[in-house]
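Please keep the sequence and the coordinates at hand while reading.

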Amino acid sequence: MSSSTHPADPTDSTDDMDSMDSMDSMDSMDSMDAEFDTVAAWTADVVAGLDPDERIPAACRGSGSPGALHWLLDQVAPDLDETFLDCGAGIGGPAAFAARETGVRPVLTEPAPGACRAARSLFGLPALQAGTQLPIATGAIGAGWSLGVLCTVDDQPAYLAELRRVLRPASRFGLVVYCAARPGALRLEQPEGNDFPTVEALEAMLDGASLRVLTSGWTDHFAAFPADWEEVTGKVQAELERRHGDDPRWQVAEEQSSRMGSLLSAGEVRGRMLVVAAA
Ligand SMILES: C[S@@+](CC[C@H](N)C(=O)[O-])C[C@H]1O[C@@H](n2cnc3c(N)ncnc32)[C@H](O)[C@@H]1O
């Protein structure tokens, strides 16, 4: 959700007039492209200069803390012989984390070409460029996850139906979905192109897609990012700012990130974690 590696600290500067001007001149598609493609590729260039162990925290973009990722992996309990799908994988940090922590072999799907290239070059992971229509056979996936993706998708029921299609019966799949705390308009500005369902609306959509919720939780119940993750993300953020701070696309991505950080900080939006199975 962020041009940095997780939603921006709401105490960061959020009222930069240049950023607002840039935001005004771009439509929501441009804003999403800036955030998920252009800045993703820039981030990969910076991250490529880091030690391998530092690349994972720097390449997790909206997925939750390592504690939350561990919880999901424990609940999904992937079989090492199964293909582990990361749908909407960004630049590959969470998939590389899953591979390192459990030994699974991930396959990534991601619509932004710059992010696909980044995941391949940073982690050597197979990344297929795809949006909601997955180039994957029906029932081929034994486990996986999709983190911070649903709120950025145009047709959310179609995206869930497609996940359901590729899942093998009895396979478990993890989701992080940013949900609005209550129905109706948010009090704060939301990132362009995002649409946050309430928990009730999400559950109805999952039901409609024949996905059964096995267990659930909240990302904010897990410890915040550990100091070494914060250090890496701060270093990458500073380098990106140094290289691209004057570029309107950077400013737009920062504004997107800042809006998300403010929503999370105010409790207007929360990260819902779910493990689902084909009903
Ligand atoms: C907030 S980022 C999260 C990236 C990654 N999951 C992570 O946690 O690091 C959301 C991602 O969803 C991708 N996305 C947008 N629409 C999508 C769709 N229809 N299907 C799959 N991914 C999509 C975006 O390109 C972006 O990389």
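## The second largest pocket

At least two residues each are supplied to the lining of the second largest pocket by α2 (28–47), β1 (83–87), β2 (105–110) and α6 (113–123). Helices (H or I, at least four residues) and strands (E, at least two) are DSSP runs, numbered from the N terminus. The greatest contribution to this lining comes from α2, with eight residues.

The volume of the second largest pocket is about 740 Å³. Of the 37 residues that line this pocket, M32, F36, E110, P111 and T152 are the closest to its centre. On a 1 Å grid over the protein atoms alone, a pocket is an open set of points where a 1.4 Å probe fits, with protein on both sides within 12 Å along at least five of seven lines, and lining residues have an atom within 4 Å of a point. Grid points are joined across faces, edges and corners, and the volume is the space filled by probe spheres set on the points.

## Basis of the model

The model is predicted: local features need pLDDT of at least 70, side-chain atom pairs count only at pLDDT 80 or more, and totals for chains, interfaces and linings use all residues. Residues are numbered from 1 along each chain as its sequence is written, and side-chain values use heavy atoms, with hydrogens and water left out.

## Strand β5 and its partners

Ten of the 14 residues of strand β5 (residues 167–180) are buried, that is, under 20% relative accessible area, whereas exposed means over 50% and partly exposed in between (1.4 Å probe, protein chains only). Strand β5 pairs with strand β4 (residues 141–147) in the parallel sense over six bridges; pairing requires at least two bridges found by DSSP. In β5, R172 stands opposite A143.

With strand β7 (residues 269–278), β5 pairs in the antiparallel sense over nine bridges. Here R172 stands opposite A277.

## Salt bridges

The structure holds 13 salt bridges, each a side-chain nitrogen of Lys or Arg within 4 Å of a carboxyl oxygen of Asp or Glu. One of them joins E268 and R182, with the closest N and O atoms 2.9 Å apart. E268 lies in the loop between α10 (248–265) and β7, and R182 in the loop between β5 and α8 (199–208), so the pair ties together parts that are 86 residues apart in sequence. E268 is buried, at 3% relative accessible area, while R182 is partly exposed, at 32%.

A salt bridge network links E189, E192, E255 and R259.
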